[in-house]
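Subject: Structure for your files

Hello,

Here is the structure, with notes on what was found in it below. Please read them with the model open.

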Amino acid sequence: MSLPTNTLLSIVVPLYNEEDNVVLLTQKIHESLTEYNYQIIYIDDFSTDNTRNVVKKMDDGKVHLIELKKNYGQSLALAAGIDYAEGDYIITMDGDLQNDPSDIPQMLEFAQTDEYDLITGIRQKRKDSLVKKIPSKIANFLVRRVTKLDIKDNGCALKVFTKDIAKGLNLYGEMHRFITLLAHLEGAQIKQVPVKHHARHAGVSKYGLERVFKVVADMMLLLFIRKYFQRPIHLFGILGVLLIILGTLIEVYLLIVKFGFGQDIGTRPLLIFGMMFILGGIQLFTIGIVMELLIRTYYESQQKRPYRIKKISIGDQKTA
């Protein structure tokens with residue numbers, strides 16, 4: 001079943017130092033989507049090479065170039081492209097030619113016929129080094145164990161979103177690694193499909209072993225967001241109350257020892273521990289209240305995007 005002729009696709013691709021890949025990537029997208037109405041949105045994340053000029057020199061009317069004012073990272077580059085996208089379906093992919101645009105039509109077919117909100121790829125026969133594979137396996141394992149969401153390849157950048165799900169994603173930091181999980185938390189119906197994977201055509205990978213620690217830290221943050229983001233008092237308040245109760249019980253015990261049995265308690269470490277528990281509990285409870293107020297402010301304030309755009313071009317013509 002083909003898409004209606006008026007259906008627009010938005011292919012969102014963050015770029016950072018991909019001057020040797022972007023022309024070939026554009027050609028492959030055109031070859032794969034000849035029967036579709038689409039726009040290609042490249043987000044230049046303040047590349048230090050000639051990526052911006054290469055994109056402009058293509059003078060392609062289907063290519064929209066968003067130039068960011070500084071290097072914000074892949075998550076905010078994706079957010080900028082998704083915010084700009086006008087398509088009924090929004091497709092994300094990497095700019096290093098490891099994703100294959102020829103997989104997009106099949107993914108679109110699933111999105112339309114089976115009414116899924118997100119079609120995500122499972123990279124077959126990955127052409128990556130262990131430096132990239134190990135953090136990816138850790139992230140996939142953590143997501144499955146902690147969230148019970150059985151996603152086999154969270155790191156695959158090739159995804160097809162419905163417009164409403166993509167626009168509802170709140171990407172920041174380095175949350176692009178868990179974009180499938182974020183969509184799941186927004187209520188998306190998700191399907192996984194096998195996709196091709198190629199070795200990097202040119203340039204060097206931007207990933208290193210330090211990504212393992214970032215994956216774990218981001219996973220802990222997502223856990224907090226998933227359970228306590230809307231009501232942080234449920235976490236900090238309960239912990240605070242438990243510490244206050246524990247500290248109070250210790251101090252009551254020591255008072256009984258002193259006045260009931262006449263023992264000296266002034267030099268006992270337990271006295272200090274009891275006071276620390278009480279003070280720590282009060283601090284945690286106070287943090288919970290402050291975070292509740294911050295969350296209220298977050299929801300009630302005007303939305304402000306965490307990135308700044310330098311200019312936008314279509315083909316070689318500047319539009320903003």
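**The sheet**

L65 has S313 in β8 as its bridge partner. The two strands involved, β3 (residues 63-68) and β8 (residues 309-314), are antiparallel and share five bridges. Strands are DSSP runs of E with at least two residues, helices are runs of H or I with at least four residues, and both are numbered from the N terminus. Two strands count as paired if DSSP finds at least two bridges between them.

This is a predicted model, in which local features need pLDDT of at least 70 and side-chain atom pairs count only at pLDDT 80 or more, while totals for chains, interfaces and linings use all residues. Residues are numbered from 1 along each chain as its sequence is written, and side-chain values use heavy atoms, with hydrogens and water left out.

The sheet is open and has nine strands in the order β7-β5-β6-β4-β1-β2-β3-β8-β9, with mixed pairing. Its edge strands, β7 (190-195) and β9 (317-318), each pair on one side only.

**β1 and its neighbours**

β1 (residues 8-15) runs parallel to β2 (residues 37-44), joined by eight bridges, and V12 stands opposite I41 in β2. β1 is also parallel to β4 (residues 89-92), through four bridges; here I11 stands opposite I91. Together with helix α1 (residues 22-32), β1 and β2 make a right-handed β-α-β unit (with the strands pointing away from the viewer, the path from the first strand over the helix to the second runs clockwise).

Eight of the eight residues of β1 are buried (under 20% relative accessible area; exposed is over 50%, partly exposed in between; 1.4 Å probe, protein chains only). In a regular strand the side chains alternate between the two faces of the sheet. In β1, L8, S10, V12 and P14 lie on one side and L9, I11, V13 and L15 on the other, all of them buried.

**Helix α3**

Helix α3 (residues 74-84) is largely enclosed by the rest of the structure, because eight of its eleven residues are buried. Those buried in α3 are S75, L76, A77, L78, A79, A80, G81 and I82. The buried residues of α3 pack against β1, β2, β3, β4 and α6 (163-168) (contact means heavy atoms within 4.5 Å).

I289 is in helix α10. Its relative accessible area is 40%, so I289 is partly exposed.

Regards
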